[in-house]
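Hello,

Here is the structure I said I would pass on. My notes on it follow below.

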Amino acid sequence: MTKNDKFISRDDLISLGFKKTVATAYIHQARELLVSRGFTAYDRNRLMIVPKTIINEILAVEL
């Protein structure tokens with residue numbers, strides 16, 4: 001896991017057992033959700049880290 005427990009990266013999701021393509025898709029979906037909510041800093045293709053709360057919201061599971 002990343003040093004900051006408020007954020008989660010694609011590699012963190014992979015280490016939790018998700019396949020690389022699935023982890024990438026979740027990060028992409030989370031970034032799209034954040035941008036739609038006005039967080040334009042997440043509108044970058046290579047950004048592979050997002051707030052853990054958004055991933056929890058997408059998966060409906062507490063990580």
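**Notes on the model**

Phe18 sits in the loop between H1 and H2; helices here are DSSP runs of H or I with at least four residues, numbered from the N terminus. This is a predicted model, in which local features need pLDDT of at least 70 and side-chain atom pairs count only at pLDDT 80 or more, while totals for chains, interfaces and linings use all residues. Residues are numbered from 1 along each chain as its sequence is written, and side-chain values use heavy atoms, without hydrogens and water.

Phe18 counts as partly exposed because its relative accessibility is 24% (buried is under 20%, exposed over 50%, partly exposed in between, with a 1.4 Å probe and protein chains only). Leaving out residues up to four places away in sequence, Phe18 touches Leu13, Ala23, Tyr26 and Leu59 (contact means heavy atoms within 4.5 Å).

The largest nonpolar core has 12 residues, among them Leu13, Ala23, Ile54 and Leu59 (such a core is a set of buried Ala, Val, Leu, Ile, Met, Phe, Trp, Tyr and Cys residues joined through side-chain atoms within 4.5 Å). Helices H2 (20–36) and H3 (52–59) each supply at least two residues of this core, and H2 gives the most, with 4 residues. Apart from neighbours within four places in sequence, Ile54 is in contact with Ala30, Leu33, Leu34 and Arg37.

Asp12 belongs to helix H1 (residues 10–15). A polar atom of the Asp12 side chain lies 3.1 Å from the backbone nitrogen of Ser9.

Regards

Note on methods: Polar contact = N/O pair within 3.5 Å; in protein donor to acceptor, adjacent residues only side chain to side chain.
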